Amino acid sequence: MTGMFEGPRYLAAFGPKRVPHCFTDVLVLGGGVAGLRAALAVDPRLSVTVVTKDDLLTSSSQWAQGGIASVVDPEDRFDNHVADTLAAGGGLCHNEVVESVVHEAPQRIAELIAWGTKFDERDGALALGREGGHSHHRIVHALGDATGREVMRAIIERVRGQENLSLWPGTFSVDLLTHEGRCRGALVWHRGHGKTLVWARRTILATGGAGQIYRESTNPEGAVGDGMALAWRAGCELRDMEFMQFHPTVLYIAGGSRSLITEAVRGAGAWLVDREGRRFMPDFDPRAELAPRDIVSRAISVVMARTHHSNVYLDLSHLDPAEVVVRFPGMAQICAKFGLDLARDRIPVRPGAHYMVGGATIDDVGRTTLPGLYAAGEVTSSGLHGANRLASNSLLEGLVYGARAGASASEEILGGEPDDFRVPPLSNPRVSDAYGPLDVEDIRNSLRSLMWRHVGVERNGQTLGEAVETVEGWCRYVLPRQFADPAGWQLQNMLEVARLMIRAAAVRCETRGVHVRRDHPTSLDHWRQHIAWQRGRAEPWMEPLPSGGVVRA
Ligand SMILES: Cc1cc2nc3c(=O)[nH]c(=O)nc-3n(C[C@H](O)[C@H](O)[C@H](O)COP(=O)(O)OP(=O)(O)OC[C@H]3O[C@@H](n4cnc5c(N)ncnc54)[C@H](O)[C@@H]3O)c2cc1C
């Protein structure tokens, strides 16, 4: 395979004498559930700055539909939630991480309620949904199918009331600042103010996922893997980059939005049918429509190929129409925009890139391998999801690790030696663009199509090899360039992350969790390890699980 072309350490030029400086105790990059929960956990004696590239209402967290998994029903047990998470995770979860996150879930839900989140109720108790891979009803939800909107409303309201906290919306994090092997803050850019060097005692990366690297995706436009690329360039270890989870049911109407149709619809009894109206999931798995996402996505791909049709359909026509509209008002509205009645019509769906399982390796309190840098949420690899995330475990992960990261960063700052807050002698006088104009949009579209074709629900060694060659070719002339705004920087980040995903997928010669190799269709025991990588190392390495690969489920 072609060697990796190493681009410059920083995407943009800056010189400490030419760029304004700002100082904060804790810098949080990202304003989704993980970033804001982290900011709220910072000790009020410390200053916090939260930087988001869009406004606070644009994030995957805002778009979350189904809900948050937590054991709250007295009939349910922590052990059940743990077992379901491990079973979905395909042998790569860290048992102790799963145990601790599952046990912390009720506390995080109670806290959201105390902060004013109005979860849906039935007969005076929390209404609990059920989703694929869950053995019990344990999904706490709000506004029917708009959980993220309600949870974020309550969190944002609380954030706005914190005096120690500054919000910087519309501000793009270009790169992490490192000096003598330590993260010292970030270089950020704002359309009105240009570049600023933000120096921080601790930085928390919470920039979310990378679904938009694929042509078909459920994610907001900004989910292009910026944080993973920032962490990579700064020398952080990244792990499990081959595991992109595809959501099986994304609304597929040419020219329409690629809206996700929540798993809870199948939990409520919806069927998946082919173009002839034949229900097919029972042929693939005894759990039928409630099998874990990877199994459902794969089954849909097989049926689409078998029926030579661009999609399959969700069928709710056998359910009570009044219930359907009450439980899924948002979805019903979106379908209605395209002349479809969610309760009666067959709804065209197919898989789309949904959740990035891999990311920056973190420990139990969210520390990355780079001193001074924490991370939380979808940008990380915590060990919770293994090779496949169980539905509705990700908002939970963001809440748990956000809270831990904010608290631990505070303890380190308040309990440790006073940090040297002087500006280090950093400078990065990059040469200007020597290559002439470039059609950024064209490469972006080509990359997204390539990822969908060659690194999608099913992969194989030959096409992964071709994808590496193509993306390396693009990297050679795109990465050294100097862009002046986020469109170019995002493309550079997408390329950086895409090639790590493709190379990891090529290395893992087996099928596990969401990573399906047509040429290696089974899971192999010696592959029950992570694939980890760090800039400067020519090759990735195999990283054993902390428990030695012993899986309890
Ligand atoms: C349609 C949809 C439905 C989902 N439903 C559920 C569900 O029901 N239950 C569940 O558990 N999970 C669900 N998920 C997944 C879940 O929403 C995400 O995994 C989770 O919200 C990620 O939170 P986060 O805080 O890590 O990132 P996000 O919420 O994506 O936030 C990322 C933040 O980082 C900022 N950012 C990114 N790059 C930069 C940059 N370069 N500079 C500055 N800021 C930057 C963004 O502006 C944003 O503020 C769903 C996801 C989608 C897309």
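Colleague: Leaving aside neighbours within four places in sequence, which residues is E472 in contact with?

Modeller: Contact means heavy atoms within 4.5 Å. By that rule E472 touches T2, G3, M4, F5, R499 and R503, once neighbours within four places in sequence are set aside. This is a predicted model, in which local features need pLDDT of at least 70 and side-chain atom pairs count only at pLDDT 80 or more, while totals for chains, interfaces and linings use all residues. Residues are numbered from 1 along each chain as its sequence is written, and side-chain values use heavy atoms, with hydrogens and water left out.

Colleague: Where is E472 placed, and is E472 buried or exposed?

Modeller: Helices (H or I, at least four residues) and strands (E, at least two) are DSSP runs, numbered from the N terminus. E472 sits in helix α14. Buried means under 20% relative accessible area, exposed over 50%, and partly exposed in between, with a 1.4 Å probe and protein chains only. E472 counts as buried because its relative accessibility is 0%. T2 is 470 residues away from E472 in sequence, yet their C-alpha atoms are 7.6 Å apart in space.

Colleague: With which side chain does the side chain of E472 make a polar contact?

Modeller: A polar contact is a pair of N or O atoms within 3.5 Å; within protein, one must be able to donate a hydrogen and the other to accept it, and residues adjacent in sequence count only if both atoms are side-chain atoms. The E472 side chain has such a contact with the side chain of R503, at 3.1 Å.

Colleague: What lies 468 residues along the chain from L479?

Modeller: That residue is L11, and the two C-alpha atoms are separated by 8.0 Å. L479 belongs to the loop between α14 (461–478) and α15 (486–507). L479 counts as buried, since its relative accessibility is 3%.

Colleague: Which contacts does R293 have, apart from its neighbours within four places in sequence?

Modeller: R293 is in contact with Q245, F246, H247, P248, E263, H354, R389 and A391. R293 is in helix α9 and is buried, because its relative accessible area is 6%. Its side chain makes a polar contact of 3.1 Å with the side chain of Q245.

Colleague: How many aromatic pairs does the structure hold?

Modeller: Rings of Phe, Tyr and Trp (its six-membered ring) pair if their centres lie within 6.5 Å; planes under 30 degrees apart count as stacked, over 60 as edge-to-face and the rest as tilted. The structure holds seven such pairs. In one of them, W232 and W533, the ring centres are 5.9 Å apart and the planes are at 80 degrees, so the pair is edge-to-face. W232 is in helix α6 (residues 226–234) and W533 in strand β20 (residues 529–533), so the pair ties together parts 301 residues apart in sequence. W232 counts as buried at 3% relative accessibility, and W533 counts as buried at 6%. F280 and F284 also form an edge-to-face pair, 6.3 Å centre to centre with 85 degrees between the planes. F280 is buried, with a relative accessible area of 0%, whereas F284 is partly exposed at 31%. F172, W189 and W489 form one aromatic cluster.

Colleague: How many residues surround the ligand, and which are the closest?

Modeller: A residue is near a molecule or strand if one of its heavy atoms lies within 4 Å of it. Here 36 residues surround the ligand, and the closest are S61, G66, G67, E378 and S394. Ala, Val, Leu, Ile, Met, Phe, Trp, Tyr, Cys and Pro count as nonpolar, Asp, Glu, Lys and Arg as charged, and the others, Gly among them, as polar. The shell has 10 nonpolar, 21 polar and five charged residues.

Colleague: Which residue in the loop between β9 (171–179) and β10 (182–190) deserves a look at phi?

Modeller: Most residues other than glycine have a negative phi. E180 lies in that loop and has a positive phi of about 50 degrees, although it is not a glycine. E180 counts as exposed, because its relative accessibility is 73%.
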